[in-house]
Amino acid sequence: MGRLLQRNRRSSSSSSVVLLLLFLVFFLAIFFEKSVGVVSASEYSKDEQDSSLTLENIQKYLAKINKPAVMTLEGPNGEIIACIEKWKQPAFDHPLLNNHKIPLVPPELPRGMRIIGDNNISIVEAQVWHQNGTRCPKGTVPIKRITVEDVLRAQSLEDFVGKRRNMALAAFNVTFSPNDDDLPHEYAVVNSKPGSPLYGASAGINVWKPRIGNEGEMSISQIWLASGDYDGPDLNTIEAGWMVYPGLYGDSEIHLFVFWTADGYHTGCYNLRCPGFVQFDEHIIVESILSPASTISGQQWEAVIQIWKDEPTGDWWLGYGENGVKVGYWPAALFTTLRERADEAQWGGEVTNIKVGGAHTTTEMGSGRFAREGYSKASYFRQVKVLNSYRATDLPLYPMTRVDNANCYSIERGYTEDFMGAYFFYGGPGRNPNCP
């Protein structure tokens with residue numbers, strides 16, 4: 001009996017040691033997860049997240065999209081920028097780009113697409129991430145790192161990388177009711193569908209920091225080029241401009257962005273969140289922050305966006321700034337209908353309207369002021385141009401305006417011979433006494 005008791009005590013003592021060791025291992029595992037930025041499955045609710053947002057799927061996605069870096073840089077706002085060898089960037093994971101070659105020399109900006117500032121207009125030429133003078137080494141391109149937190153803000157990996165189908169601007173091709181309360185997106189845009197091929201579009205886009213009413217909402221000012229049927233699977237679009245979208249970026253800053261789809265928004269993505277868009281420039285990058293923003297009755301800032309089709313290769317290039325810095329391009333191989341030409345161009349603003357509690361969103365479009373308030377108060381697009389079938393810059397033919405709810409947002413266009421050229425003012429505050 002005494003020996004049995006002694007054995008039991010030893011056994012109890014041994015069990016205590018084992019339990020202590022297990023506790024230490026568990027504690028260290030949790031500490032390690034936190035320190036390296038890995039998220040455990042228990043850190044988000046399966047009831048709130050799509051099944052694609054499993055720890056395994058997120059880690060697989062990040063391992064593919066975040067390529068090995070030659071060096072990393074941290075911007076003053078915490079952005080992590082990875083310097084990736086040009087030939088190893090995410091674009092070349094796309095099966096249609098297996099044999100694609102990056103040009104050694106980019107194409108020239110088409111004559112007439114250059115847009116210059118004015119005494120009261122300054123062009124945002126630099127991004128926040130390299131304002132301290134740091135640059136990526138030669139032969140590399142800067143690409144913003146995607147984090148676990150970025151992915152977890154979405155409801156699924158599909159939502160994280162792309163747009164939903166209903167974001168197509170189909171109102172010019174189908175019956176549209178301005179009182180349709182089921183539309184989650186609202187627009188104030190100018191559209192040009194001339195009936196002849198288009199090979200580019202450009203404009204100086206006034207930069208503001210609109211207030212976002214709900215984290216899941218966004219405010220965009222952009223240029224679209226499109227080809228194909230809005231109601232069919234052959235819709236191709238390329239889009240570029242600036243956006244404020246806390247649900248995508250985790251902040252309320254202004255971001256330069258691009259988007260593309262080759263199948264009516266079923267696939268395609270923002271920025272470099274899926275293979276496709278090729279980053280070319282070493283200073284201006286998609287997804288990163290643009291600053292500063294314009295102020296009411298004060299200094300006006302703008303982002304100059306140029307999109308054009310390079311005739312020899314068929315690739316669609318993105319230019320930025322007064323001199324058209326070649327940011328990058330969408331390879332022709334990505335597309336079907338856009339491989340040859342665009343059928344229409346659109347310029348303007350877009351917001352999402354979740355209608356929390358049944359009320360219209362307070363998310364602002366542009367500056368948050370109505371178009372009638374004019375220069376230095378309402379947001380604008382100026383020097384609006386297209387690259388026509390003769391590969392020459394021209395004014396948009398047969399322009400049409402669209403506003404989904406004129407009590408919430410508005411648009412007014414015009415033309416002057418001065419620095420504004422073909423222009424329009426647009427935007428609004430969203431919810432107000434006339435837009436409940």
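## Three disulfides

Across the whole structure, a search finds 3 disulfides, a disulfide being a pair of cysteine sulfur atoms within 2.5 Å. Counting bonded cysteines along the chain, the pattern is 1-2, 3-4, 5-6.

This is a predicted model, where local features need pLDDT of at least 70, side-chain atom pairs count only at pLDDT 80 or more, and totals for chains, interfaces and linings use all residues. Residues are numbered from 1 along each chain as its sequence is written, and side-chain values use heavy atoms, with hydrogens and water left out.

## Cys83 and Cys136

The sulfur atoms of Cys83 and Cys136 sit 2.0 Å apart. Their bond links distant parts of the chain, 53 residues apart: Cys83 is in strand β2 (residues 80–85), while Cys136 is in the loop between β3 (121–123) and β4 (140–144). Strands here are DSSP runs (E, at least two residues), numbered from the N terminus.

Cys83 counts as buried because its relative accessibility is 0%; buried means under 20% relative accessible area (1.4 Å probe, protein chains only). Cys136 is also buried, at 6%. The link is left-handed, with -80° about the S-S bond.

## The other two pairs

Cys269 and Cys274 are joined with an S to S distance of 2.2 Å, and this link is left-handed at -85°. Cys269 is buried at 0%, and Cys274 is buried at 15%.

For Cys408 and Cys435, the sulfur atoms are 1.9 Å apart and the link is right-handed, with 90° about the S-S bond. Cys408 lies in the loop between β19 (400–403) and β20 (410–415) and Cys435 in the segment after β21 (422–427), so the bond ties together parts 27 residues apart in sequence. Both cysteines are buried.

Methods: Helices (H or I, at least four residues) and strands (E, at least two) are DSSP runs, numbered from the N terminus. Buried means under 20% relative accessible area, exposed over 50%, partly exposed in between (1.4 Å probe, protein chains only).
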